[in-house]
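Hi,

Here is the structure I promised to pass on. Have a look, and then read on for what turned up in it.

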Amino acid sequence: MPSPTSPPVQNNADYFDFRAMERVPESHAWTGPQEYDHPVAAGHELEHDVVPVVDMRDDDDGAAAAAAARAAEEWGAFLLVGHGVPGELLARVEDQAARLFALPEPDKARAARRPGGGSSGYGVPQYLLRYPKRMWAEGYTFPAAAIRSEFRRVWPDAGDDYVSFCAAMDEYHVEMRALGRKLLAMFFQALGLAAAAGDDDDTERKILDTLTATMHLNLYPKCPDPELAVGLAAHTDSGFFTFIMQSPVPGLQLLRRRPSERWVTVPGVAGALVVVVGDLFHVLTNGRFHSVLHRAVVNRERDRISLPYFLGPPAHMKVAPLAAAVALGRKAEYRAVTWPEYMAMRETTFGTSLSALTMIQVKPEEESEET
Ligand SMILES: C=C1C[C@]23C[C@@]1(O)CC[C@H]2[C@@]12CCC[C@@](C)(C(=O)O1)[C@H]2[C@@H]3C(=O)O
Ligand SMILES: O=C(O)CCC(=O)C(=O)O
Ligand SMILES: [Fe+2]
């Protein structure tokens with residue numbers, strides 16, 4: 001098993017030509033026993049292996065909010081339909097992402113993440129460099145608020161390709177941010193927080209009004225030996241929650257713990273978005289909603305694209321269990337952290353079986369000191 005101090009095996013600016021590979025090279029071959037080597041559930045015939053579907057149009061008396069909250073509690077993830085983001089836009093965004101990844105190497109290399117940890121650009125997110133093996137994927141991360149400046153790095157001449165790419169991503173950001181606010185308000189409603197008295201109203205409003213978005217594009221090229229390769233290793237997302245738009249090629253899997261540990265594949269449902277609860281939402285709800293381990297597998301036949309849209313607090317905001325969530329029965333189980341503080345802590349746990357949430361968990365002796 002890799003240790004938390006395993007040295008990075010690559011620079012995140014390194015380029016790797018997946019299309020030229022006839023076999024999986026040593027650098028990408030995940031041989032031997034791996035963390036979370038659990039079986040993949042055979043199918044969806046068993047009720048407990050059916051990923052919940054939440055229809056946002058089901059708005060009879062808060063029915064959609066209640067269904068979303070139930071899924072967030074039981075699965076930490078669900079498929080969202082009836083969300084109102086036009087199918088035409090989803091298809092255009094996916095097509096633009098595919099065009100970006102299909103550009104020649106020098107165009108993508110111009111926009112490479114800066115070695116040592118730039119948070120945007122083409123290449124591997126720095127946290128993933130902690131793993132001793134590389135993943136079978138190309139990535140591009142960018143703040144949703146800076147699409148136009150970011151992509152001048154790829155298209156310095158700001159020509160037609162730049163214009164169509166930015167138009168699609170901008171429209172997507174507008175839709176997704178509005179959807180993020182709507183879903184967050186639904187979660188608060190289901191938790192009974194919207195009506196809560198005192199400071200919480202204020203905290204909720206601040207959270208709603210300052211949500212920040214980071215976009216990430218993943219391309220998982222088809223792979224000559226999918227059993228040996230990993231698209232994206234098992235992880236939890238660190239923010240509040242993530243919308244993942246995935247091409248109809250399945251590849252995203254969720255770790256289910258009961259009745260036995262297994263991976264459940266999220267089906268590729270046209271027009272649906274996947275919602276994944278992140279660690280900071282787990283904290284905010286004092287563990288009532290739980291973040292979920294998920295991963296991406298690759299296949300031999302087809303490329304797969306996914307577009308996670310990560311929503312979280314602004315960098316300076318301390319996130320702690322909401323008072324009303326704590327009042328729902330337990331003590332505050334987590335210490336307050338900012339998103340960057342949490343990510344820095346979590347970085348040391350990548351490639352290990354540790355959950356970074358345990359690093360901010362309030363221990364019983366700290367509880368008694370406070371009282
Ligand atoms: C906002 C973010 C979430 C993310 C870290 C990042 O700053 C940008 C990249 C995101 C990503 C994508 C791949 C998996 C992941 C765990 C990673 O290493 O980089 C997520 C991060 C996350 O959710 O913490
Ligand atoms: O490719 C996917 O479906 C999952 C992507 C993901 O989990 C991530 O980028 O954090
Ligand atoms: Fe993720």
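In this predicted model, a polar side-chain atom of His235 lies 3.1 Å from an oxygen atom of ligand 2. His294 also has a side-chain N or O atom 3.0 Å from a ligand 2 oxygen, and for Asp237 that distance is 3.3 Å. (Polar contacts here are pairs of N or O atoms within 3.5 Å; within protein, one must be able to donate a hydrogen and the other to accept it, and residues adjacent in sequence count only if both atoms are side-chain atoms.) Ligand 2 is surrounded by 14 residues (a heavy atom within 4 Å), the closest being Tyr220, His235, His294, Arg304 and Ser306.

Now the helices (DSSP runs of H or I, at least four residues, numbered from the N terminus). The axes of α1 (residues 63-74) and α5 come within 8 Å and cross at roughly 85°; axes are lines fitted to C-alpha atoms over the stretch in contact, with angles from 0 to 180 degrees between N-to-C directions. So α1 is roughly perpendicular to α5 (65 to 115 degrees). Their contact (heavy atoms within 4.5 Å) involves Ala64, Ala65, Ala66, Ala68, Ala69 and Ala72 of α1, and Leu183, Met186, Phe187, Gln189 and Ala190 of α5.

Helix α2 (residues 87-101) comes within 9 Å of α5 (residues 160-190), axis to axis, crossing at roughly 135°.

On conventions: residues are numbered from 1 along each chain as its sequence is written, with chains lettered from A and ligands numbered from 1 in the order written. Local features need pLDDT of at least 70 and side-chain atom pairs 80 or more, while totals for chains, interfaces and linings use all residues, and side-chain values use heavy atoms, without hydrogens and water.

Cheers

Key
Helices (H or I, at least four residues) and strands (E, at least two) are DSSP runs, numbered from the N terminus. Angles under 35 degrees count as roughly parallel, over 145 as roughly antiparallel, 65 to 115 as roughly perpendicular and the rest as oblique.
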